[in-house]
Amino acid sequence: MSLSTLFLEQMLLIRRTEEAIARYYPEQKMRCPVHLSIGQEAAAVGVCAALEATDLAVSTHRAHAHYLAKGGDLDALIAELHGKSTGCCGGRGGSMHLSDTKVGFVASTAIVGNSIPVGVGLALSLKLKRSDRISCIFLGDGATEEGAFYESANFAVVRNLPVLFACENNFYSVYSSLDKRQPKNRSLAELAKAIGLNTVVVDGNDVEAVHAATNAAISAIRNGLGPYFIEMPTYRWLEHCGPYDDDHLNYRPHGELAYWKSRDPIQQLIERLQLCAEDLNTMETKIAHRIDVAFAKADSAPFPDPSSGMDGIYATVLGPQL
């Protein structure tokens, strides 16, 4: 199987998983908020395919795609959304708090920009250990307006840390478009460059271009050339939080959603690969089965035992040692 075909399989897994989440969400078995990234799959897959399994990653409230692209366990993801004990965080975190340390996916967090200093801290620890691993921080355009981004990026530059800032610029922070929040034509990459970060802008809907740009950036980082900021313009198709289409709210200009759907990263890659219908159907069938199994397992799994309610709490684990 070619690398680009693997990209397609990963993007389809993410897309179909999130479509299933949207489809089943009204049943109210998943009681956590969900932030879906349908339409943004190329950015997650292109970046994570360039990372080594031992590299570390942190993410945002919109983390499903990053978790899966980094190799996170699908069964554990769906169980977590159902609040079950077999979830990746024991059913305690929900959609916005995912972790799979076996594949280097350290954490995601609900607060905008909150994982950025964590990712920079991971990069510092890697440098102190003289490791050749890197830390990848996924962030959205809204996070570049948080003080935590500027402080963390400045520290990363000053200390020349092995960190990649992977910015999915989908042009919206909830309902506020980028041109309402920033001066017209201001470039996020130029903002990052002003701090001292190496920067590159790449089409976030072209998985092969994202992968190539990320590979080059990671090579430079590993060679000690400093942290990088990759801006990837892309677009979420559904509402900020939840499983539904929200184009009727009219915060997006008329025709904008249709334009971005015409640039569907999955369809673009299918056409580029000239994949025949039989091969595509085989891939879809395999993915559908994996997703069905994951939801069935989640449905039958137990909820966490109430007696374990304090397990994993910082004070419980470390308190006696303080």
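Modeller: Here is a walk along helix H5 and then across the sheet beside it. Keep in mind that the model is predicted. The protein chain averages a pLDDT of 95, and 97% of the residues score at least 70. Residues 318-322 fall below 50, and this stretch has three contacts in the model beyond near neighbours in sequence.

Now the helix. H5 covers residues 115-128, which makes 14 residues. From first C-alpha to last, H5 reaches 20 Å, close to the 20 Å expected at 1.5 Å a residue. After H5 comes Arg-130, with a positive phi near 55 degrees.

Which residues of H5 are buried? They are Ser-115, Ile-116, Gly-119, Val-120, Leu-122, Ala-123, Leu-124 and Leu-126. Their cover includes strands E1 (56-59), E2 (105-108), E3 (135-140) and E4 (163-169), along with helix H6 (147-158).

Next, the sheet. It is open, with six strands in the order E2-E1-E3-E4-E8-E7 and parallel pairing. E2 and E7 (198-201) stand at the edges with a single partner strand each, so one side of each has no neighbour in the sheet. On average, neighbouring strands are turned by 15 degrees against each other, direction ignored. E1 and E3 run parallel, joined by three bridges. Ala-57 stands opposite Cys-136 in E3.

H5 packs on this sheet and touches E1, E2, E3 and E4. The direction of H5 makes about 165 degrees with that of E3. Helix H8 (residues 188-195) packs on the sheet too, touching E4, E7 and E8 (228-233). The direction of H8 makes about 175 degrees with that of E8.

Key
Residues numbered from 1 in each chain as written. Predicted model: local features only at pLDDT ≥ 70, side-chain atom pairs only at ≥ 80, totals over all residues. Heavy atoms only, no water. Helix = DSSP H or I, 4+ residues; strand = E, 2+ residues; numbered from the N terminus. Expected span 1.5 Å × (residues − 1). Buried < 20%, exposed > 50% of the residue type's maximum accessible area, 1.4 Å probe, protein only. Contact = heavy atoms within 4.5 Å. pLDDT = per-residue confidence, 0-100. Pairing = 2+ DSSP bridges. Axes fitted to C-alpha atoms, helices over the stretch in contact; angles between N-to-C directions.
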